[in-house]
Structures are given as structure tokens and as C-alpha cells.
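Let's take a friendly walk through this protein together. Please have the viewer open, and we will begin with a single side chain before stepping back to the whole fold.

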Amino acid sequence: MSTQSSVDAPSYQVLLYYRYVEIEDPEAYLDSHRELCAELGLLGRIIVGREGINGTVSGSFENTNSYMEAMKADPLTAGIEFKIDPAEGHVFPKLSVKVRKEIVSLGLDETADIDPNEVSGERLSPREFYEAMQEDGVILIDGRNDYEAELGHFKDAVCPEIGNFREFPDWLREHSEDLKGKKILTYCTGGIRCEKLSGFLKKEGFEDVYQLDGGIVKYGKDPEVQGRDFEGLCYVFDQRVGVEVNRTETRKVITHCRRCGIDEPNFCNCQWPKCNDQIFICPSCKEEHGQYCEDKCRTEAAKDIATASAEET
Ligand SMILES: [Zn+2]
Ligand SMILES: [Zn+2]
């Protein structure tokens, strides 16, 4: 790759990263880390726990680079892999750095919890993962929540109807008969959840278990596979909501306008604050009916506004 001139460089960047590593004193780490982020003007969400660190932040090109250098200079996070997206500006409204018991939780008690450094599925590169998906009889499990998979997922993936990662152990146990003896591939956004999910499967006795290293995000950036066979957009937990993954001819829109049914890749929230549901609605229906999931939400929103203005006068 040629060196980018400062003119070509994006003005902002979004970073996504994690590392499972023992942090002895998460509270102390949190304080110094928050200070570092604040100094660099970064916004985003970072979770620190005894088992590691998980973060996604946005900031200026220079400051996000300084952040990565600082993380790489710290022996604790030296080997961390950053997934980097160019951006026009910040994609988070604020900075939140928190200590949690776990950086990712399967809802298991301490003795049963998975340490991915001890047990985890075999990591596959994007290319290896793509090739494994082509094999007969493999089961591809989407390791994310149902609303994430709704926006986009791998072709032929099993997308469990779960609203929280903690529901996975029960779901997997309920479906263990279907999984028995099969080669199982798991994937998630950036790889962090599959570290535990695939580890859990191994601990449950499944042997042929693999995970997509670096998740969908890395798969989409891979120069060789270029997101092949990922359908729709990748859900992200920031203001962008969905990001492109597939840069090949297999790219397709899998979501539809709830009013007229045409393909609509972008989602928004119902404008009635009490509803706020995530909805797909095309620009022309939005113009005709407003940004509401149904007429009821529009009527209720109008009533709320009328009540509020009546109270003010
Ligand atoms: Zn429409
Ligand atoms: Zn609504």
C-alpha cells in the first residue's frame, strides 16, 4: 500500500478492539485509561474487567493513532488488534468507561464461565472461514442478538432468536441434538463474543468448533474475501447503526420497507418516543407517512405533542 498523504487521510477514525487478558486491578486501570481517552478527546464505550478490555471509540485521525500507540506500548495490551474504520466525525455522543465483572457475559456463574485463553474454538482467518462455509453439512451460527442478525448475516446462517448474549447457553442446549456431530462455525461482530461462545460449545462436548477470527468487521476488510456471502449490513453499536461488509457481486439487501415492501437497507427509529422501535422505511413512505412504524404511532405522537403544548400554556 502506498503511504497516504495527509490530504487523503480520513479526518476521523472508529476503532474496535478487545483483548482477553488478566487485569489485576480493573478500577485502577479504568482511572488511568479514562484519563488517556479524555486527553485524546475520544468518545465511545470501553468495558474493563478482570478478564480483559473491550472497546469501541471514535476520535480524530491523529488522536486515535496516538491511542493505538499507547495501547501497543502497554505490555498488557501490546498484542491487541484494532479494526479501523474511517469516519467523518465522532460516532458516539459521549465517553463511557466502565468496570464490569465480565467484558462479555454468557450469564454463567464464576466456576462455569469460559476463559477463552483456556478453551475456545479454533480461529479461522477470513479466507479459511469462507472455505469452511462451503463444505457440506457445516452449521453456521450467528453469535449475536436477533436484532443484529436482522440487519445482516452470513448466507445460510442460523440466527437464534435471542435478545441477549446470556440466552445462548440455554439456546445451544435446547438445540444440541441438531448440532451433534456437526462442524460448527461461529461468528460475531468483532470476534469477542465468539471467543466465549465457541469455548462454551467445546466445554459442552462439541469437538469440531471454529470461530471467525476478527469477526464480520475483519472479514469485510479482508482484501481477498471482501465480505463475500455476507448479506445485508453489519449492525454496530454506534450512530452508524449499520456498516457495509460485502464488496463482491454477492452483496444484497435483505431488509424491506415495512410500508411498501421494497428493499430498504437503512433503518431508523420510530419517531414516537414511547415506541422508538427500529424500523425499515423507504424515503418515499417516510415522506408520505412520516417516520413511524404504523399510523397508531403517528397518531399517538401527535396526541403527546398536543398534550405537552396544552400543559405549557
Ligand atoms: Zn416504502
Ligand atoms: Zn412506532
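Leaving aside its neighbours within four places in sequence, which residues is Tyr-219 in contact with? They are Pro-126, Phe-129, Leu-212, Val-225, Gly-227, Phe-230 and Val-245; two residues are in contact if their C-beta atoms, placed from the backbone, lie within 7 Å.

Before going further, a word on what you are looking at. This is a predicted model, in which local features need pLDDT of at least 70 and side-chain atom pairs count only at pLDDT 80 or more, while totals for chains, interfaces and linings use all residues. Residues are numbered from 1 along each chain as its sequence is written, and chains are lettered from A and ligands numbered from 1 in the order in which they are written.

Tyr-219 belongs to the largest nonpolar core, which has 55 residues, and is among those with the most contacts inside it, together with Ile-184, Tyr-187, Leu-201, Ile-216 and Cys-234. A nonpolar core here is a set of buried Ala, Val, Leu, Ile, Met, Phe, Trp, Tyr and Cys residues joined through C-beta atoms within 7 Å. A residue is buried if 20 or more other C-beta atoms, placed from the backbone, lie within 10 Å of its own. At least three residues of this core come from each of domain 1 (12–99) and domain 2 (122–243); the domain bounds come from an automatic or database assignment. A second, separate core has eight residues, including Cys-270, Trp-272, Ile-279 and Phe-280. The assignment also gives domain 3 (267–312), and the C-alpha centres of domain 2 and domain 3 lie 34 Å apart.

Now step back to the whole protein. There are 10 helices and 15 strands, taken as DSSP runs (H or I, at least four residues, for helices; E, at least two, for strands) and numbered from the N terminus. Of the 313 residues, 37% count as buried.

Finally, find strand β2 (residues 43–49). Five of its seven residues are buried, so β2 is largely enclosed by the rest of the structure. On one hand, β2 pairs with strand β3 (residues 52–60) in the antiparallel sense over seven bridges; strands count as paired if DSSP finds at least two bridges between them. These two strands form a hairpin with two residues between them, and Val-48 has Ile-53 as its bridge partner in β3. On the other, β2 pairs with strand β5 (residues 95–99) in the parallel sense over five bridges, with Val-97 in β5 as the bridge partner of Ile-46.

Definitions and conventions: Buried ≥ 20, exposed ≤ 12 C-beta atoms within 10 Å, placed from the backbone.
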